[in-house]
Amino acid sequence: MAYILGIESSCDETAASVVVDGSEVLSNVVASQIDKHAPHGGVVPELAAREHLKAIECVVKSALENANVSLKDISAISVTNGPGLMPALLVGVNFAKALAFANDIPFIGANHFLAHIYGAFLDGKKTHLSEPIYPMLALVVSGGHSSLLLISDDGKARIIGYSIDDAAGEAFDKGAKLLGLGYPGGPIIEKTGQGGNISKYDFPRSLTGKSGKKVTEENKFNFSFSGLKTSLLYHTKKLQKENILEDELVDTVASYQEAIVDVLTIKTKSAYEKFNAKSVVLCGGVACNGVLRERFMQTFDKDKLFIAPKKYCTDNAAMVAGIGYHLFKQEKFDVKEVDAYARLPLITEVPFIL
Ligand code: KG4
Ligand code: ZN
């Protein structure tokens, strides 16, 4: 059995986890810095790095303790080395590197974007289905990403759609900020919009063709959320002028959220049909959103839908340990080769086949 210690510090969560054979999660410790960043209305990279430094040793210790294992039991250490905020990543990568080096443990660099996808397959949620699940279409929606990845049965993968401006999570965060609701916007918007009229205000669904504007071939599966944000700004100003923003807040927020959910569902559905996909994965922080989860359940056959459990949607290290297991099996580890990187590299494959 392989015990992988996962470490995550790419944004504002310091996390560590021990996972057995890429499936059984023995511990999953997450120290969130949300309170530190909230007054700034977003994540401040240097502040994030300082907070990771304070928390990381304790978080890793707790993950080992909760799993009832010691470093001697660990087969490999898997750390997120990108994409993410560089100062934040460097803390996790260097801590993990030193730990691996000092204890002579194999060391793995894991891609955070692909780890989010693996979040849907932890806790033994393996797919021993008789029906084919490939090609698999994964929608990764978080604070940093809104992408559709098409994965074939040999592990080859390619991005078929991405956001040409803001990520879906940013649309939530910036929308909430604009309305003065706080940070992070996703959970606040979901809560505030509960019970609101989702079709009261018709916010734009960019690049879907719904406005009557033709979508170019190039943008067919791409996302754009900046127009939506601008539209919310004008809408808010109008309501403020009329002195009815407070009365209309719930409907405004519900309609705004609906526009995001609608776009994500339309694009995923049309890509699913176009590429003849056999299953869909929904993952990343935005996948915590109850309305989005529900819409995907209504849209796709439940046997073909893999929605990451909420605890593995937002940043965590279980997904990092989980994907690390597959890299470990492929002997993709080397202390010297693992460096931090900020931007998503070209994706051509995923390290796991289910
Ligand atoms: O995956 P994640 O923790 O970090 C990144 O890798 O970016 O995602 C964080 C994002 C934030 O933008 C946050 O507002 C969003 O996920 N989020 C949500 C919800 N919970 C978190 N968005 C919509 N609804 C939610 N319930
Ligand atoms: Zn993430």
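Helices (H or I, at least four residues) and strands (E, at least two) are DSSP runs, numbered from the N terminus. With that in hand, I looked up Val 91 and noted that it lies in helix H3.

**Ground rules.** I am working on a predicted model, in which local features need pLDDT of at least 70 and side-chain atom pairs count only at pLDDT 80 or more, while totals for chains, interfaces and linings use all residues. Residues are numbered from 1 along each chain as its sequence is written, chains are lettered from A and ligands numbered from 1 in the order in which they are written, and side-chain values use heavy atoms, with hydrogens and water left out.

**The whole protein.** I found ten helices and ten strands in the protein. The C-alpha trace spans about 65 × 45 × 30 Å along its principal axes. I then looked up the radius of gyration, which is taken over C-alpha atoms, with a globule rule of 2.2 Å times the number of residues to the power 0.38. For 354 residues a compact globule would have a value near 20 Å, and the protein, which has 20 Å, agrees with this.

For burial I used relative accessible area, where buried means under 20%, exposed over 50%, and partly exposed in between (1.4 Å probe, protein chains only). By that rule, 55% of the 354 residues count as buried. The accessible surface, from the Shrake-Rupley method with a 1.4 Å probe, comes to about 15600 Å², and 52% of this belongs to carbon and sulfur atoms.

For contacts (heavy atoms within 4.5 Å), I counted pairs with a separation of 6 or more, and 75% of them in the protein are between residues 24 or more positions apart.

**Val 91.** I asked which residues touch Val 91 once its neighbours within four places in sequence are left aside. They are Ser 9, Ala 49, His 52, Leu 53 and Ile 56. Val 91 counts as buried because its relative accessible area is 11%. I also noted that Val 91 and Glu 51 are 40 residues apart in sequence, with their C-alpha atoms 9.6 Å apart in space.

**His 112.** Not counting residues up to four places away in sequence, its contacts include Glu 8, Ser 10, Gly 82, Pro 83 and Asp 315. With the side chain of Asp 315, the side chain of His 112 makes a polar contact at 3.0 Å; such a contact is a pair of N or O atoms within 3.5 Å, and within protein one must be able to donate a hydrogen and the other to accept it, while residues adjacent in sequence count only if both atoms are side-chain atoms.

Most residues other than glycine have a negative phi, and most peptide bonds are trans. Pro 83 sits in the loop between strand E4 (76-82) and helix H3 (86-103). The bond from Tyr 134 to Pro 135 is also cis, with omega near 0°, and Pro 135 is in the loop between H4 and strand E6 (136-141).

Asn 68, in the loop between helix H2 (45-67) and E4, has a positive phi near 60° and is exposed at 71% relative accessibility. Asn 243, in the loop between helix H7 (226-241) and helix H8 (245-274), has a positive phi of about 60° and is exposed, with a relative accessible area of 68%.
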